[in-house]
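Please go through this briefing with the structure open beside you. It is arranged by topic.

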Amino acid sequence: MTYTDEYWMGEAIKEAKKAEAIGEVPIGAVIVRDDEIVGKGYNLRETTNDPTAHAEIIAIREASSRLGSWRLLNCRLYVTLEPCPMCAGAIVQSRVPHVLYGTADPKAGCAGTLMNLLQESRFNHQTEMTTGILQPECASLLTDFFRRLRRKPPESPLS
């Protein structure tokens, strides 16, 4: 059975919800090869105190380990938010041929919004892109999360 891009983005959204459940910014990613998830991840920066613990990086590491190669040829990466410069660089370095993302990132997006590192002709690898897959769902994950965060009363330093 062949699954749709919306199906796989739904799987990335499931990963994003895992991040949200532990208080992380809800961003999720899955890497698919031959209609099978070979890597998945969600944002863990706060939990691990690791600035590189983005959903895409975690998914790339898992897929590389599982496939026994740093080259993720014949794979597609689905991510709920447009990749940042670090993640775009990792995508180029891992040779992912196709990235599909849900919603744009106006503050750090490097797959077309602020710049396009994925298709920079001076690099030795360029990545095909598809944008806007389940965009309303991906965007609302983030806007709802930050809206709730702003409504929370600040914690007392004595508690």
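Predicted model: local features only at pLDDT ≥ 70, side-chain atom pairs only at ≥ 80, totals over all residues.

A search of the whole structure finds zero disulfides. The largest nonpolar core has 30 residues. Helices α1 and α5 have axes that come within 10 Å.

**Cysteines**

- Zero disulfides turn up when the whole structure is searched.
- Cysteine 75 is in no disulfide, and its nearest cysteine sulfur, that of cysteine 87, is 16 Å away.
- Cysteine 75 counts as buried because its relative accessibility is 1%, under the 20% cut-off.
- For cysteine 87, the closest cysteine sulfur belongs to cysteine 84, at 3.8 Å. That is too far for a bond, because a disulfide needs the two sulfur atoms within 2.5 Å.
- Cysteine 87 is buried too, with a relative accessible area of 1%.

**Nonpolar cores**

- In soluble globular proteins, nonpolar side chains tend to be buried together.
- Isoleucine 60 is in contact with Ile31, Leu72, Leu77, Ala90, Ile91 and Ser94, leaving aside neighbours within four places in sequence.
- A second, separate core has twelve residues, including Ile13, Ala16, Tyr78 and Leu141.

**Isoleucine 13**

- Isoleucine 13 sits in helix α1, residues 5-21.
- Isoleucine 13 has 10% relative accessibility, so it counts as buried.
- Which residues does isoleucine 13 contact, leaving aside its neighbours within four places in sequence? They are Thr80, Leu134, Glu137, Cys138 and Leu141.
- Valine 79 is 66 residues from isoleucine 13 along the chain, yet their C-alpha atoms are separated by 8.1 Å.

**Helices α1 and α5**

- Two packed helices are described by the angle between their axes and the distance between the axes.
- The axes of α1 and α5 come within 10 Å and cross at roughly 10 degrees. That makes α1 roughly parallel to α5, because the angle is under 35 degrees.
- On the α1 side, Met9, Ile13, Ala16, Lys17 and Glu20 make the contact.

Terms used. Residues numbered from 1 in each chain as written. Heavy atoms only, no water. Buried < 20%, exposed > 50% of the residue type's maximum accessible area, 1.4 Å probe, protein only. Helix = DSSP H or I, 4+ residues; strand = E, 2+ residues; numbered from the N terminus. Contact = heavy atoms within 4.5 Å. Core = buried A, V, L, I, M, F, W, Y, C linked by side-chain atoms within 4.5 Å. Axes fitted to C-alpha atoms, helices over the stretch in contact; angles between N-to-C directions. Parallel < 35°, antiparallel > 145°, perpendicular 65-115°, else oblique.
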